[in-house]
Structure formats: structure tokens, C-alpha cells
Amino acid sequence: MNAKIKFFISTLFIFTVFLITSITISVEASPATSYTMTLNSKGRYVRTQDAYLPDRSVVDLKLNKPEDIYIDANDFMFIADTGNKRILKYNINTDEVDMEITLKELKSPDGIFVTKEGDIYVADHTAKAIFRFSSDGLLKNKYEKPTAPSFEGTVFEPSKIGVDNSGNMFIYGGVYDGIIHLSNSGEFQGYFTSNRIELSLSDRVRDMFYTEKQKLNLSRNPAIFSNVFVDSKGIVYTTTTNSEMYSIKKHNIAGLNNFSSGVVSQSDATDVYVDESGIIYAAMSSGSIFVYSQSGEFIYSFGASNFRVGSEINEDISGLFTTISAVAVDSKGFVWAVDDSKSFIQSFKPTDYAEKIYSALALYTNRKYNESIKIWQEVLRLNQMSVIAHNNLGKNYMSIEEYELAMDHFLISGNRADFSEAFWEVRNIDLQQNLSYIIIILIALFVLSFILKKVDKKHPFKYKIKTYVSKIFNRKFLRDIFYMFRVMTHPLDSFYEIKKGRKGSLLGATIIYTLFFFIFLWYTIGKGFIYQFIAVEDLDLNTIVFGFFALTLLFVICNYLVTSINEGEGGIKKIFLLFAYSLAPMYVAFISITLLSHILTYNESFFLDIIKYFAFTWTGVNIFLGIQEIHNYSIRNTIKSIIITAIFMIIIVVVILIIIIMWDQLANFFIEIIMEAIRNVTK
Amino acid sequence: MLRNKKFLIVSILLLLVSISVTVVAKYIPSNKDTKLPPDEVTNVIFDPTEFQKLYENDNFIFYYRDSRDVFAITDRRTGYTWKTGIDRAFSTDTLDACDELSRKATDAEKLATCIPIEHEMVHEYLAIANSLISIEYYDATRAIKNSSSAALKDVTSTLVKVNNDETHYRLDVNFEKIKIGIKVHIYLNEKGISYEIRDEEVIGEGSNNLHAILITPFLGASGGVELIYNLEIDDYDYDNPVYKDLIPGYVLVPDGSGALIRFEDYNTSDSKPLSNYQGSVYGTDYSQVDKNINYQFRYVEFKEPTMPLFGIAHGNNQAAFIAYATSGAEHMNIISTPDEGRFMKYNFAYPKFKYNVEYYQIYNRAGSGYNTLLEERNHFDIDLSYEFLAGDGSTGLPANYVGMAKAYRNYLIEQELLKVVNYAYSNVPTRLDFLMSDVKKNLVGFENVIMTTIDDVENNLRELQSLGVKNINSGLYGYQKGGITLGKPNNISYSGEIATKSEMKEAIKNLSALGIDISLSQDFVKINEEQMKVTGNSIRHASSKYAQLNMFDAEAPVTSFYYARVEKSIDWLNDHLRDLKSLNANSVTIEGLTNTLLTDYTGKITSRAESIELIKDGLSDVSEKYAINASNPNMYTWEYVDRYLNAPVFNSQYIIQTDTVPFLQLVLNGTMELYAPYSNFSFYTQSDVLRMIDYNVYPSFVLTQQPSYLMMSTNSNHFYSTEYSQYKDLIIDIYTEVDHALKNVINHEWTNREVLANGVILNTYDNDIKIIINYTNDPYSYNGIQVEPLDFEIIGKE
């Protein structure tokens, strides 16, 4: 669940804020035409070192709306040239067409898969059949709609296909929310997997209020699949459109999704391809290709849509696409993508950066941590901001028990959970190493206090210090300030004193209030890394200042307005005083949380939570008692006055907003009149 | 016997192994390579019957066909004839003539009259294909329409001889219906033909609706589809249109380092043809685009031409031309259309000069508005010269892209816009820039993130020099308070943490004593509101709003930028120089000013041409005292630039672009130092080093002392990898390799560049040195000299 929330936050960031480029000095050095993008340590979608560079644009095969490609182990690319009703076998290494399959029965070959044995499977949704050709292009089998009774009444229009090592066929087409599983002889084995209906928040709300009859009228369809792929180990992958989180799925034998917490993606996935080492490449129709590790960790995306706002013609540039229909990877790691709108194939060459990431990931999987560390460091040389490199270096260092190094890298990659683990280890080691010193110091302190007591008996000095200290603290304004701690422990008595004007002062309250703001600010920005979820540069001081003062002062004012017509005895000054003097528990809490957050890990986070809730409640009770005392209210009236104050606060905010909006409209109105007048005069 | 057999088997096995080892995948060039030259073109003998001979000189005979507005230019050196249009009759005329034939006409008569007609080419398009000039104009609904000097109706055109000078003609074109009159002066000369359209001769009530003038759009066009008369069915065979043979050849466009667009028929989908190449010379004018607020692209921005030219070559070193604007360049667009073009199945390329454009006029704060045309169209004179090249270069310049580059270079040198420099050094220079600081947001205001101090710069450069990097110059970016993003362009405010003024002076002095040139870098054009007040400083868009550029950058503290007015930029530049004076610096790095050109609608309009003059004046003053380093500068600044930084080595990679060529580098060779883009960013592999040698550009790096992740929350967050300690070895390696090759040709002209095989390049210099660059994974043998895979070989070195 936690992962899900994190995921939501990160995706929210990604697609609301798209990062592209910056300014002043151009760094477009490489032949890259699109940016390689990744998530940064704050979970934002940012530019990163080029992972792939556009290589060849294959335009001269005279293709017509090709819908699928497959690359076999010998680097032959099989192209489903859908519009021309043919299959091409194209040699990547020589740039020559090796074989062309044209069969009368082929109507719109839109899915292709080639097995290790060289059998070519073609899915044709118009012909409503799967064709199986031998490696030399002769038709071996034609599988048509399964005759099983359970498949009766279902449409069989296969458009994508994957075949596992025993010849089982996994088919998409006709049925859009399920993947059809056919045996190697073409018998229907059931649905391998299907998409469930995902309920949005609004759906759930509607469910609460709608009658059964109304619910029947709602059209709720599960997200539809868009492709299916089977890797060399027989693992089935699918792509789903209209679902960002679950657009790429890696299925286990039972058809369940291994990436149950979702992946970082877009909602227009059209194809997926998996290379020998398990790296997953997913093509988005709009032109990007997303790359994931075998565990579904997002590495980066590249490629882009050539769509340009305000331009009727979108330039066709190598590496940009109108729409991508298919993606495949050859033995050298080159990624090939098909633009079915413009009918060409584009290859991308992996850079050092990409190759090193893949090899380091593989080494980590094979538990070769030291080798892996070496390569990750090379990755860092190419991109010192690489989150994946820092993260994996951290993990590798954790595995070889180099916790402090691990902490450094988790800090840069923004990985708080693992940082906390590493920190726990470091702290543990520190504690163990220094335990003897700690014990010695404790004993020494004990002995010292014992000696001091003895000395005090003989030559009394304690009272001297006491009087000296109380001299300092006896100053009026200091006494006024420290009175808040008295309020903390004896609220009723203290508020009575305040009410009578015997204790506390406006100056003291203002100092407490202002100081509290700075402590609040420190609490907001000064916590330890694992508890500090927002960086200073992302904070907006104006919002904090405005929010803090507006909210608290609004409370004071509203409470005054509400109580003054409700026989409240306290004036605005008294209300302000009671509010300020109630803050002592929060003072203690904010300071201790901020300090403790530097030495506590996530294992002890409950501790901080308790302090916080305790302090909030305490302050709340103080305020409650304060209002009761100051206004001389009964409990019932106190509750009433607090509720009305809250409502009043909301009303005031709404009114202010309305005034601002109307003022803006009015200003616009006059500006328009003036501008029109100017235009009429000048023309 | 048995032993012999064994021996035989072993040797056969060995042989097999060795064969299978040598069979390696062949090198398949991509559009980032230069491919082998095109095939030969067959010289069609020109039949001048329908033409009137106007003039002839030593090189050319000029003909004119009045009925179709077509000039024919026969190159006497090769006999090759260029026509300014496709020279075809309107299909309706041919069809009428064919219909009128009596039934008794013989087959021969039929074929003589019923000549092939252009397929699917309505008369408007055919007229454009024939025309000397075509125009695009806004009609009453503000849709863009076409017309041309050779139109079937509503247009008259007459050719007149001016002042009885047989080298000077004028075509008076009158677009009667839309009330536009244009006079085109045509000059016939020893190099070819040139056109002049004077601003005051573009007249008529409708002249403000003129969008653009296209000059000879079909000169050198290749392709086309025609319908042939079929005697069997006694009619044109409409079902079987015939594709004309493509002329082997290419279009050269100055995109990036230079791109060739070979004439090809890709036959991809008809409904969505591949897009054409469009380049706006000197970059897009963001004051004349649709809206005043623009957003950065979500992909790498396309490169725009920095030179106003294009060329076409036919055949292999047979016939070519280069066309360059000598006036009106700032409103020139270069367009090359592939065969896939929607209506005309031709590959063709042409220059287009823009007069008026549509934009969005906002009238309230909410951004409501309406589309309208510029109240006053752009005013400029067009001067466009076509130089024809012939043969392989044994006499004159070769008819290929090298010849085109040389022709333009010669023109620039003649005009004193370029000057060949004689350098005193014997090792190639390298550029090592330093990022000193940039800002990130703090709770209050901004915080400077210090990446490098002046001491770091000095130490690192000293170290590199002692390790063999002999010839260094360096630019410091973000050395002021406020770093790269907020540093003030007008007066320098030194940051004590990076360098005080005296420390800066000291460092410049110390490094200068070692022969290392340090320059301070400043962008004088891109400004932002955190840095200064925009009012009065920023350029205004045609809508009189400030022209604004927004970034999509979640991490950058500043995401909205404006363009400074040219007068302001020049003022700031002068202020900046006043500050620099006491530093005794030898050079200055100017960002922005040399490659940004916008019309300014503040008060009295400052046109792009006026801006060019202001910039030239400003730079001229600077260049008297300082060497100027400039990033990707436009042509009009070249006479002042000493170091060309970030010289493109690729093009925009339009899919129709088949080759990348070092056209820019050939033009500028020897007139200024050219530096490659920063090697930090995917430009450091062996092929990239070879490209530096091939393109005659010097290596450059951008460095910091601190690790780059510290810049994550600054505007410089796209510098992912800059730390000096990570780059030290790479700098030395790349420098040593490039120096080893290019030091032999310092102060020598790069005379030719040939493709020996796919992936193998031969560069020739005027000191008889040849450098062979082998990009392939196989060894290449040239005249008995073996060039190792991914390596180069220098021939002719003493």
C-alpha cells in the first residue's frame, strides 16, 4: 500500500510537471533528437544523459502502415507490413530484404512472432486467423476460431501474438479485456489473464449514492489490452491502454501481474519487448519508449512525439514519431521502433551510459556486488545525478556492509527508506563501539553529582547559583514568556490569572507567538533527511508566512467576533494571549521532533508521531480551557463557540476570495474599455 | 599419409575459421554519415527551338521561353542545361490539342501532339512548377493561397531588357486579381544568374497581403509522374501513370553542419507523406510567430540555418548550383520538399522570402484576442545569386557540396566578411569551459551554488597543461553573484566565494603567462524577471506584448525568459567591457547576441535588418580590442568572431535528410577556430573523436570542480556530468588524438573531402597532407596504406 501511495505521488509529479530543458548554454552536443528522461531524487520527470541515440531510419522498404516487428537471434527483422498484406524478412546487418511472404489469405497481418525454431506466427484480424509459416516462408498451419463450446459466441480477431517455448499461443484481439490462450494445436485453453474494472474515486462515490437500477446503466469497461509478448524464458508480458499504472504487466504462470504495485508509464502503451537479460522496453503510441529493469523499476524513457503545438505540419525527424506501433531489440541492444503513420522504421543505438546500466544491473542480480559497484561508478561518471546509479550503489554497499557509503548514495538518490536502514546500521555500530564510553560517562556524572551534594552540605553553593539564575529570570518580560510553561501544567489557574491581568502580557504573548513561528519554520525545513520530505528550494516562504499568520490571526479575530455577540467576556487581546500562551506543548514538541529526527530511523518513527499527537492534543485542550476561562463559558458554550468560529473562518475566506475575483473582473473590464478606446483612437 | 590428412583437415578448419572471422557485418551508413556520391546523370541535349537566346558569355548561354516564364541556362563547360522551371505545357492545352486532332491522324502525328502530360498536376501547380517567381498570399479569409508568374489566368508577366543592357532584364509580374505587382530584376553574369526584388517595386493595394515570394521553386527539381498517350486505347493511360526517372543528385541545406537531401522516392503512405525540410535563416523570429508566449519543445530543438543559402547537385561531380542571398537573408526560409509531397511528385527545393505573417492579437488580460496580419509588412530588398558549378573541380570548383562551400567561402572572403587567419601556434587549441556557479531557490530569495572557484580553474588548467594539453582557452560561466541565471549582463558583480576582481585579474595574468586565454562569458539576450525589470528591456512581440519563452522544468528556479532589446544588449555589452578593461583579458565570450535575431515592436519598429546592423556595430567595436568567442554565431557576425564555439557536427536529422556533411566547417575552415560541442554529453566515443578530425573541429569540454549533482535544483540541471576529476584523463586522451591529426594542417586550407567507401573519408589539404578517417569496424586499405578500424591515417607527413 505504501508503495502505491509513493507511486501515486511520483506519477502525479511526472505528468503534471514535464521537465525539459534549460537555458543559456546549449548542451545539445550529441546527435540525440529527443531527451532521455528519468525520475530524479524528488520523483520528478527530468532530463538525463542520453541513453539512446537515433541511428538508422529505414524508409526505403516501401512499407505501408506496418503494425508489428520481431527480431530473431540472428538479427533478422520480421516486419508485418500490414497495409501491403505481406511479411518481410529484413537483414538488419546488411540492410537487405531476405524474404517476402505474400499469401492470398493474408488480409491485414498485424501481429508477428518468431519462435526459436524459426516458425513465423502471424496474427491477422481481418482473416480472423493465426498463420504459422516455416522459416523459409511456407505455410505450416492456419489456426482459426477455436471450436470449444466455452469460446462460442466470442469474436476471434487476433491482432497480436506471443508464443512460448512449447508452442502455446497467447493472443490478443477480438476479446479486448482478456488474453486468449491456445494450445500448440490451436485448442482454446481459457483466458490467460484479464483486466479488471478499476474504480475511480468518483466511481466509488457514485456507488454509495446510486440505486441498483442506476448502477446498471453505468458503462464500466475494464481497461483494454493492446499487446502481448513472450520472452525467451516463456514469461508473458502484456500492455494495457487507458491505465497508467498497470500499462505494462509481467505475468506469472497463473497469469497474475508481477508488477502489482504498478510501473511508471503512460496510458498509451502499444507494444512491449524483452531482451535476453530481461530488460523491458515498452513503446507508447505517442512516441516514447520506456525502459524498465526486470523487476519493473523505471530506468528511463526516450523518443518523443513530433507533435508541435501551433504547427499544422509536424516535422519528421529521426527519433521522433507520429505514432509508434511496435518496438523490438536486436542482439547488439539496438532498439528498433516502427512508425505506422509514416511507415518507416527507426533504430536507436545504446550509448555507453545505457550499456553500463544494463551490465551493472545484471551483475547485481548475479550477486557480484564489487564488480557491480565498479560499473555503477562509471555510470556516475557519465551522469552524477543518476538516481538509479546512486540507488544501486547504495544497495550494493549495503550488501557488502559499507553502510556509511550506502548512506551517502541514498542521500543523493533521495531514497529515504534505504537511507534509514543504512543509518540504523551505522548508528547501531556507533552505539556498540561507544557503549563503554557512554557507561563510563554516566557513572562519572553520577559520581560527580554525589560529590557535589557532599560539597554543598559542607560549603553551600547551590543557593548562590539559584539566586543568580532567578535574578536573571525575574525580569518582567522573561517571566511573562516563561509563564507559558505554567499555563501548560496549570491551565485553569493560569488562564484565570491572565484574565485578571495579573500574569502574562501582550509583549510576552507576541514574543511567544513570533518565536513560535520561527520554531515552526525550523521544524518545516530543519528535520533530518529521512523525515524531511520537502527540500528548502521547493518551499514557498510566502505561502508559509501567509498561511501561518492568516490562519492563527483569523482564528483570534473570528473567535473575538463570535464571542463578543455571545456574551463572551474576553476582548481580542485576551483571546490572543490565551492562544499564544497555549502553545507551550507545541514548542516542546517541534523542538524535540526536529532534534530527534536527526538521530532516529524509520523504526522509531512512532516515537515522533506520539510526541506530535500528544502536543497537538495538549495545546488543543489548553485552547479549549482558555476560551472557557477567558469568556467564562460553560463547556457546552465553549464547544459551540469553537464550532461557530471555525464556520466563520471558512465564510471569511470565501468572501475574500469572491472579492478578489470580482475585483479582478472589474479591473479587466476597465482595461478592455481603455484598450479598445486606444485602438479606436490610433487606427 | 594419415598425418598429411590431419594436416589438411586442420588447415581447412583454420582457413574456415579465418574466413568466418573476416566476414563481418558491412558498414551501413545512417543519415549522420556522408554516403558515396550519387550516380552519373545523363546529359540531355537541350533543344532551344521554343526559346529566345538572351545572352551568352564564356561560361553560359542564357535562353528564355516567354510563354512559360522559363529561363534555360546552358553551361558551356559541360553542356549541361538548367531550367528555372519544369518547362511543361498546361495539361488542358495538350489535351485540347489532342482532342482537336482528326480521327485520321497517324500514330506518329498523335504522339507528336498528344505529348506526355503531368499526372495530377492542376494548372495552378503546373504554373508554379514552370514559374520564375511564385507567391503565397492571404485571401479575404486569411487563408494562404498560391499564385505564380506563369499562371494560366489573372496574372501577366513581361520580360524587358533594362537600359539596353543585355545582362540585365526585368520581369514585371502583375497579379491583377489580388492587386500585387512585383518587378524581378534578372542579372546574367559569369557565375550564373542573380535576382533582385526591390522593396519599392513590390507594390499594389494587395501588397500588404503578400505572405511570401518563392524564386524559381523548381530549378533543379527531380521526379514527377506523367501520363502517356496509349495508342491501343486511343487515349491517355490514366490508370497507369509513369514515374519519371529521378535525376541522381541532392539538395544541400545549411542545417546544422550541413545536410544533403538526396532525390529519392520512398513511396511511403500517401495520406501522410514525410514532411519537408523548412529552415528559417538566422532562427525563428519569435516576435512574428503566432503568440507572444512560447514554450520550449519537448524534444531537442531543431537547428536553424546560420547561412542564407542552399544548393542542388545533379549527378556525380557534373552539374550543381549554390544559391545565396546577399540581401533579405533575414526573411529567407529554405524549403526542400521530398517526392512524397502531397500534390507534386517532385523533389524540389527553393528559397522563400516572407513579407507578412499572421499573429494573435491579445486585447485583454485574460488573453482573449483575434488573428490578424502585421499592420506593416516586412520591408527588405531581395538579392539572390545562383552560382553554377561544373565538373569534378579540375577546372574551377567541383560540382558537389565541397564546391558549393568553396563558392560561398570565396564570396564571403571577397566581401571581406571572412578573412583567412595565420595562427602562430603549432598544436591545435582546445576549449575548456568552467561552470562557476548557478542559483537555486532558498527560503528567501536565491542561493548561489558554487561549483568552481578561480583557484580551481587555475590549478586544473595548469595541471592539464603540464600533462600535455598544450593549447588551451577557457570561458567562465556564472562567475558573478547570481551565477549563470541571475548574473547581471550590464555590470559585473564579483562573488567573493568564486573570485574577487583582483583574484580574477591575477588568475587571468598568471594563465596568460602560460599562454592560456581566459574569458568571462555572459548572455546578453536571455533575461528574466528575477534578474532585472523586464519593462523597457524586453523585446515586444507584434502584439506589443513581451516575447516570452517558457521552459518545462520542474527543478529550475527560473522558467520564464525574455529577449533583451538589441540596443540594451549592446549597451550592456559595452558596460561589461568597461568592467573587463582593468582585468586585461584578451578575449570575451558573448552568448545570445550572435545567434538571436528578433524584430522589436517597442515604439518604432526595429526590423531584423536594423538589428543586424546594431549587432555588427557593437561587435565591431569589441573586436578591435578583444578576441570574440561566440556560440553558433550567425553569418553576419562572422567577420568579428575569432572562436566559433559549439559548432554543430550533426544536422536536425529530418528523415528525408540522407547525409550529414561538414559544409559549415568547409566554409569557415582557416578563418576562425571551430570547436566541437562539449564532449561531456554523448560526444566522446572513438567515432566522435574521428568526427572531430573529419570535420576539422577542436575538442571542447565543460567542467566544474564540485560534483554536478549539486546543480540539480538550478537552471543548469542539464549538466549531469562535469566534475573535473572525472574528465581529466578523457580530456588528455581526446586532445592528444585530435592534435596528432589536425596539428599537421594548421594554417593549411582543407581543399577536398571525398567518400572512399561507406564510412571511409578522405580529406585533402593544400600542403598535400591527406587524412583518411575510417569509421567502420573493418580495416581499410588505400594505396597500400592500411587504416585500422575506427582509426585515421595521415598521408604525406614528412
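**Strands, chains and contacts**

Mentor: Start with a strand pair: B:E226 sits opposite B:V242, a residue of β18(B). Keep in mind that this is a predicted model.

Trainee: Which strand pairs with β18(B) there, and in what sense?
Mentor: Strand β15 of chain B, residues 225-227. The pairing with β18(B) is antiparallel and runs over two bridges.

Trainee: What sheet do they belong to?
Mentor: An open one of three strands, in the order β5-β15-β18 of chain B. The pairing is antiparallel.

Trainee: Which are the edge strands?
Mentor: β5 (117-118) and β18 (242-243) of chain B. Each of them pairs on one side only.

Trainee: What holds paired strands together in general?
Mentor: Strands of a sheet pair through backbone hydrogen bonds. The arrangement can be parallel or antiparallel.

Trainee: Let's move to chain A. How many bridges join β10 and β11 there?
Mentor: Four, again in the antiparallel sense. Strand β10 of chain A covers residues 129-133, and strand β11 of chain A covers 139-143. A:R132 stands opposite A:N141 of β11(A).

Trainee: What about the turn of that hairpin, how many residues are between the strands?
Mentor: Five residues lie between β10(A) and β11(A). In this hairpin, A:G137 has a positive phi near 90°.

Trainee: Which residues other than glycine have a positive phi?
Mentor: B:D154 is one of them, with phi near 65°. B:N747 is another, at about 65°.

Trainee: Where is B:D154 found?
Mentor: In the loop between β7 (144-148) and β8 (155-161) of chain B.

Trainee: Buried or exposed?
Mentor: B:D154 is exposed, because it has 11 C-beta neighbours inside 10 Å, and the cut-off for exposed is 12 or fewer.

Trainee: And where does B:N747 lie?
Mentor: In the loop between α13 (724-742) and β44 (750-757) of chain B. B:N747 counts as partly exposed, with 15 other C-beta atoms within 10 Å.

Trainee: Let's zoom out. How many helices and strands does chain B have?
Mentor: Chain B has 13 helices and 49 strands. Its radius of gyration is 29 Å, close to the 28 Å that the globule rule gives for 798 residues, so chain B is as compact as a globular protein of that length. The C-alpha trace of chain B spans about 100 × 95 × 50 Å along its principal axes.

Trainee: How much of chain B is buried?
Mentor: 54% of its 798 residues. Look at chain B's contacts with a separation of 6 or more: 66% join residues 24 or more positions apart.

Trainee: And chain A, how many helices and strands?
Mentor: Chain A has 17 helices and 27 strands. Its radius of gyration is 35 Å, well over the 26 Å from the globule rule for 683 residues, so chain A is more spread out than a compact globule. The C-alpha trace of chain A spans about 110 × 80 × 65 Å along its principal axes.

Trainee: What share of chain A counts as buried?
Mentor: 43% of the 683 residues. In chain A, 52% of the contacts with a separation of 6 or more are between residues 24 or more positions apart.

Trainee: What domains does chain A have?
Mentor: The domain assignment gives domain 1 (47-361), domain 2 (363-460) and domain 3 (470-659).

Trainee: How many residues touch between domain 2 and domain 3 of chain A?
Mentor: Seven residues of domain 2 contact five residues of domain 3. Helix α8 of chain A, residues 416-458, supplies the largest share of the domain 2 side, with six residues. By class, that side has five nonpolar residues, one polar and one charged. The C-alpha centres of these two domains of chain A are 37 Å apart.

Trainee: What ipTM does the predictor give the complex?
Mentor: The ipTM is 0.91, and the pTM is 0.90.

Trainee: And what is the average pLDDT of chain B?
Mentor: Chain B averages 91, and 96% of the residues score at least 70. Over residues 13-24 of chain B, though, the pLDDT is below 50. Beyond near neighbours in sequence, that stretch has two contacts in the model.

Terms used: Residues are numbered from 1 along each chain as its sequence is written. Chains are lettered from A and ligands numbered from 1 in the order in which they are written. This is a predicted model: local features need pLDDT of at least 70, side-chain atom pairs count only at pLDDT 80 or more; totals for chains, interfaces and linings use all residues. pLDDT is the predictor's confidence in each residue, from 0 to 100. Domain bounds come from an automatic or database domain assignment. Ala, Val, Leu, Ile, Met, Phe, Trp, Tyr, Cys and Pro count as nonpolar, Asp, Glu, Lys and Arg as charged, and the others, Gly among them, as polar. The radius of gyration is taken over C-alpha atoms; the globule rule is 2.2 Å times the number of residues to the power 0.38. A residue is buried if 20 or more other C-beta atoms lie within 10 Å of its own, exposed if 12 or fewer, and partly exposed in between; C-beta atoms are placed from the backbone. Two strands pair if DSSP finds at least two bridges between them.
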